[in-house]
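Welcome! Let's take a walk through this protein together, beginning on the inside and then turning to its rings and a helix end.

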Amino acid sequence: MSVQRVREYLKAYGLEDRIQEFEVSSATVELAAQAVGVEGARIAKTLSFHLGDGCLLVVAAGDARIDNHKFKETFHTKAKMLTADEALSMTGHAVGGVCPFALPDGVRVCLDKSLQRFDFVYPAAGSASSAVKLTGEELQKSTGGEWVDVCKLPEGQ
C-alpha cells in the first residue's frame with residue numbers, strides 16, 4: 001500500500017512513472033544496487049532519526065556514513081536512530097522501504113550533499129522492493145528537503 005501512496009504523491013511532480021518495483025528485496029543498499037543495476041553509492045538511503053518529539057529523515061548516498069560531529073553541529077542533538085516500530089509509526093513506511101515521500105506532516109527531510117556527486121540517485125519508493133530514479137533537483141523538489149552536510153564518505157571518495 002505504501003508504494004501506491006508514494007505513486008500518488010509523486011504524480012503531482014510528474015514522477016510516478018519512474019517507480020520501479022522488483023521481484024527481489026531492495027531493503028539494503030547492496031540489495032537495492034543489485035535490483036536496480038547500479039553501484040551502491042547511487043542508492044539514496046533514507047535514515048530516520050529522533051529530533052525532539054518528532055523525526056528527521058536524512059537521505060544520503062549509499063556509501064556515506066553519518067558523521068556524528070557534523071550531525072550534532074547541524075541539528076544540535078546526538079544522532080539517535082528510530083527503532084523499526086518508531087520508523088513505521090512516525091514515517092508511515094516500514095524499515096527497508098522508508099523513503100522521503102508521502103510523509104505525515106511535521107517530518108523533516110534533509111538531503112546530504114553526498115548525493116550531489118551523481119546525475120541520478122535511487123531512493124526507495126515506499127516498500128522493501130521498490131526504487132525511483134531521480135536527479136538531485138527532482139529529489140529536492142519532490143521532498144522539499146534541505147541540503148545538508150552531515151555524512152562522511154569512504155577514504156578516497
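**Inside the model**

In this predicted model, the largest nonpolar core is made of 41 residues, and those with the most contacts inside it are V6, V58, I66, F75, F101 and L139. At least two residues of this core come from each of α1 (2-11), β2 (43-51), β3 (54-61), α3 and β5 (108-112). The biggest contribution is from β3, which gives seven residues. Apart from this core lies another one, of eight residues, including F22, A32, V36 and A131.

Leaving out residues up to four places away in sequence, F75 touches L51, L56, V58, R108, C110, V148 and V150.

Now for the aromatic rings, which form four pairs in the structure. In one of them, Y9 and Y13 are tilted, with 5.7 Å from centre to centre and 45° between the planes. Y9 has a relative accessibility of 27%, so it counts as partly exposed; Y13, at 36%, is partly exposed too. Another tilted pair joins F49 and F71, at 4.8 Å centre to centre and with 50° between the planes. Because F49 lies in strand β2 and F71 in helix α3, this pair ties together parts that are 22 residues apart in sequence. F49 counts as buried at 2% relative accessibility, and F71 counts as buried at 0%. Ring pairs also link Y9, Y13 and F101 into a cluster.

A charged residue meets a ring as well: K133 lies over the face of F120, 4.4 Å from the ring centre.

Finally, look at both ends of helix α3 (residues 68-75). D67 caps the N-terminal end, with a side-chain oxygen 3.0 Å from the backbone nitrogen of H69. Just after α3, H76 takes a positive phi of about 60°.

Notes:
Residues are numbered from 1 along each chain as its sequence is written. This is a predicted model: local features need pLDDT of at least 70, side-chain atom pairs count only at pLDDT 80 or more; totals for chains, interfaces and linings use all residues. Side-chain values use heavy atoms; hydrogens and water are left out. A polar contact is a pair of N or O atoms within 3.5 Å; within protein, one must be able to donate a hydrogen and the other to accept it, and residues adjacent in sequence count only if both atoms are side-chain atoms. Helices (H or I, at least four residues) and strands (E, at least two) are DSSP runs, numbered from the N terminus. A nonpolar core is a set of buried Ala, Val, Leu, Ile, Met, Phe, Trp, Tyr and Cys residues joined through side-chain atoms within 4.5 Å. Buried means under 20% relative accessible area, exposed over 50%, partly exposed in between (1.4 Å probe, protein chains only). Contact means heavy atoms within 4.5 Å. Rings of Phe, Tyr and Trp (its six-membered ring) pair if their centres lie within 6.5 Å; planes under 30 degrees apart count as stacked, over 60 as edge-to-face and the rest as tilted. A charge sits over a ring if NZ of Lys or CZ of Arg is within 6 Å of the ring centre and within 35 degrees of the ring normal.
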